[in-house]
Structure formats: C-alpha cells, structure tokens
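Opening the notebook on a new model. I'll jot down what I look up as I go.

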Amino acid sequence: MGQAFGCYQVDQSNVAIKEHFGKFSDVLEPGCHCLPWCLGYQIAGGLSLRVQQLDVRCETKTKDNVFVTVVASVQYRAVADKASDAFYRLTNTREQIQSYVFDVIRASVPKLELDSVFEQKNDIAKSVEEELEKAMSTYGYEIVQTLIVDIEPDVNVKRAMNEINAAARLRLAANEKAEAEKILQIKKAEGEAESKYLSGLGIARQRQAIVDGLRDSVLAFSENVPGTSAKDVMDMVLVTQYFDTMKEIGASSKSSSVFIPHGPGAVRDIAVQIRDGLLQASASHTN
C-alpha cells in the first residue's frame with residue numbers, strides 16, 4: 001500500500017479501509033485510488049485476505065486423569081465482503097480464535113480417555129472448526145481448516161506407555177519363539193520316529209532276504225549233491241560265514257585285537273552253538 005499526491009495504492013490480496021472524517025466510508029480493493037485528503041478522506045488501515053495460520057497449544061486433562069497438551073492448527077482468512085466487520089469488530093483476531101479453541105478442546109477432551117483422544121482427534125478438530133466457523137463468521141472471518149497436529153501426554157505417562165508397548169511386544173516375541181521351538185521339537189521327533197521305523201523295516205527285510213537266501217541255498221545244494229542233508233549244508237554255510245567274519249575283522253583298520261578260539265574243533269563248537277540256539281528259539285516260539 002502506498003499514498004502520494006492524493007492517490008493511494010492497494011496491493012494484491014489486500015483491502016484498505018477508507019474513512020471520511022473518522023467514519024467508515026468504503027473498502028478499497030487492489031489498485032490505485034484517488035484519496036482527496038484535503039476533503040477529510042483518509043486510510044484507517046489495511047487488511048490482508050491471505051490465508052493465515054495460528055498454532056494453539058492447549059493443556060487439558062483426559063477422563064482417566066492424564067494431562068496432555070493438544071496442538072491445534074487453525075487456518076483462517078478475512079472475507080472481502082465483510083472486511084469492515086473484520087477490521088472494526090475485533091481488536092485481536094488471534095487471541096479471539098485461541099480462546100474459542102481452548103474452550104472447545106477443554107470441553108471435549110475431558111470426556112475421553114487417553115487412547116480415545118488419539119483415535120478421535122479428527123472428531124475433536126471438526127468440533128473446533130464448527131465452533132470457530134459459527135463464531136468468527138459474524139466478525140468477517142472464514143475458517144478454512146482446523147487440524148489437531150499433535151497430542152503430547154506428560155513425559156512420565158509417555159515413558160510408561162512406551163514401556164507397556166515394549167513389554168507387550170517382547171511377550172509376543174517370546175510366545176512366537178516358544179511356538180517355533182515347539183514345532184521344531186515335534187518335527188524332529190517325528191523325523192526320528194520315521195527314521196527308526198524305516199530302519200527297522202530295512203533290517204527286517206534284510207533278515208528275511210538272508211533267510212530266503214539260505215533256504216534256497218540249502219535246497220539247491222541238497223538237490224545237486226546227492227546224499228547230503230540239510231544239516232550238512234548248514235554246517236558248511238556256518239563255516240563259510242565264520243571265515244568271512246574273520247576276514248572282515250582282519251581287514252578293518254579300526255578294529256582292535258580280538259581273541260577267539262580257532263581250529264577245527266572251535267569251528268565245530270561254533271556251528272553246534274548256533275544250531276542249538278536256533279533250535280531253542282524255534283521251540284520257545286512254538287510253545
């Protein structure tokens with residue numbers, strides 16, 4: 001805004017209030033205006049039409065007796081059609097807005113618990129905006145938007161909330177870890193059981209194959225060599241198995257010294273012992 005030689009300039013997004021001998025005369029919009037000051041015309045002041053922002057910090061108490069600081073951000077502007085009301089009817093616009101914000105927040109927050117305050121901050125902002133819009137419109141101001149930008153509990157309360165949250169997360173992590181270990185133990189036990197089952201099945205099949213092989217060998221030998229009995233064939237098989245075992249013991253690099261009786265009589269004694277053991281097992285099974 002500027003004034004020279006009875007002309008007055010109003011900048012963009014601003015208006016000027018013209019008075020005639022101290023009485024409101026007109027609202028001057030952006031541009032150059034003739035102002036014959038010698039006839040009693042003067043500029044009382046200017047008014048910005050730009051959107052302005054006011055941050056209000058309000059301390060209050062929740063329903064569960066927790067003190068919090070609520071930070072509200074109010075965006076407002078003067079209405080060009082009501083510029084005279086905005087200029088003359090309010091001495092301090094920012095203090096007026098702040099008073100209404102305090103009133104609404106301190107009436108809304110004490111009805112809510114702390115967690116609900118965080119959850120319903122948009123509802124609180126809407127209540128503040130509606131109250132401000134209703135009150136400030138009579139003074140020539142428009143409320144563009146109202147936001148609750150921050151909710152700050154007491155430092156000790158905030159620390160306690162963080163500790164509760166951390167404890168809950170640690171408890172959840174411990175439960176998940178225990179559940180994972182439980183699953184691993186179950187799977188390990190199932191794997192061991194399956195392994196033992198398959199191992200036993202393999203041993204049973206191996207023994208069945210040995211029995212079948214011995215039976216076939218005895219039958220084939222008896223048929224091809226006349227005059228031999230099954231006992232003679234079994235004695236020969238046992239002697240063959242005995243020598244194979246001695247060979248494996250001697251060939252093993254990890255075997256320690258083994259002292260066993262050796263000789264024709266020892267071989268016969270071993271054959272007798274094995275045959276007697278088989279007969280006793282068969283008799284016990286029959287009984």
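In which strand is the place of T60? I find T60 in strand β7, residues 52-61. Before going on, I note that this is a predicted model, where local features need pLDDT of at least 70, side-chain atom pairs count only at pLDDT 80 or more, and totals for chains, interfaces and linings use all residues. Residues are numbered from 1 along each chain as its sequence is written, and side-chain values use heavy atoms, with hydrogens and water left out.

My strands and helices are DSSP runs numbered from the N terminus (helices H or I, at least four residues; strands E, at least two).

**T60.** Buried means under 20% relative accessible area, exposed over 50%, and partly exposed in between (1.4 Å probe, protein chains only). I then listed its contacts (heavy atoms within 4.5 Å). Leaving aside neighbours within four places in sequence, T60 touches V66, F67, V68, V70, I105, R106, V109 and P110.

**Helix α4.** Next I checked the length of α4, residues 121-136. The expected span is 1.5 Å times one less than the number of residues. For the 16 residues of α4 that gives 22 Å, and the end C-alpha atoms are 22 Å apart, so the two agree. Which residues of α4 are buried? I get I124, A125, V128, L132, A135 and M136. Seen down the axis of α4, they fall within an arc of 100 degrees (taken from the directions from the helix axis to the C-beta atoms), so they line one face of the helix. The face turned away from that side carries the exposed N122, K126 and K134. Covering the buried residues of α4 I see, among others, β8 (67-78), α2 (93-108), α3 (114-119) and β9.

**L147.** This residue is in strand β9, residues 141-153. L147 is partly exposed, with a relative accessible area of 35%. Skipping neighbours within four places in sequence, I find L147 in contact with V71, A72, S73 and A125. L147 and N122 are 25 residues apart in sequence, but 7.5 Å apart in space, C-alpha to C-alpha.

**Cores.** A nonpolar core here is a set of buried Ala, Val, Leu, Ile, Met, Phe, Trp, Tyr and Cys residues joined through side-chain atoms within 4.5 Å. The largest one has 33 residues, of which I97, V101, I105, L132, M136 and Y141 touch the most other members. Its largest share, six residues, comes from β8. I also logged a second, separate core of six residues, including Y8, V10, L28 and L35.
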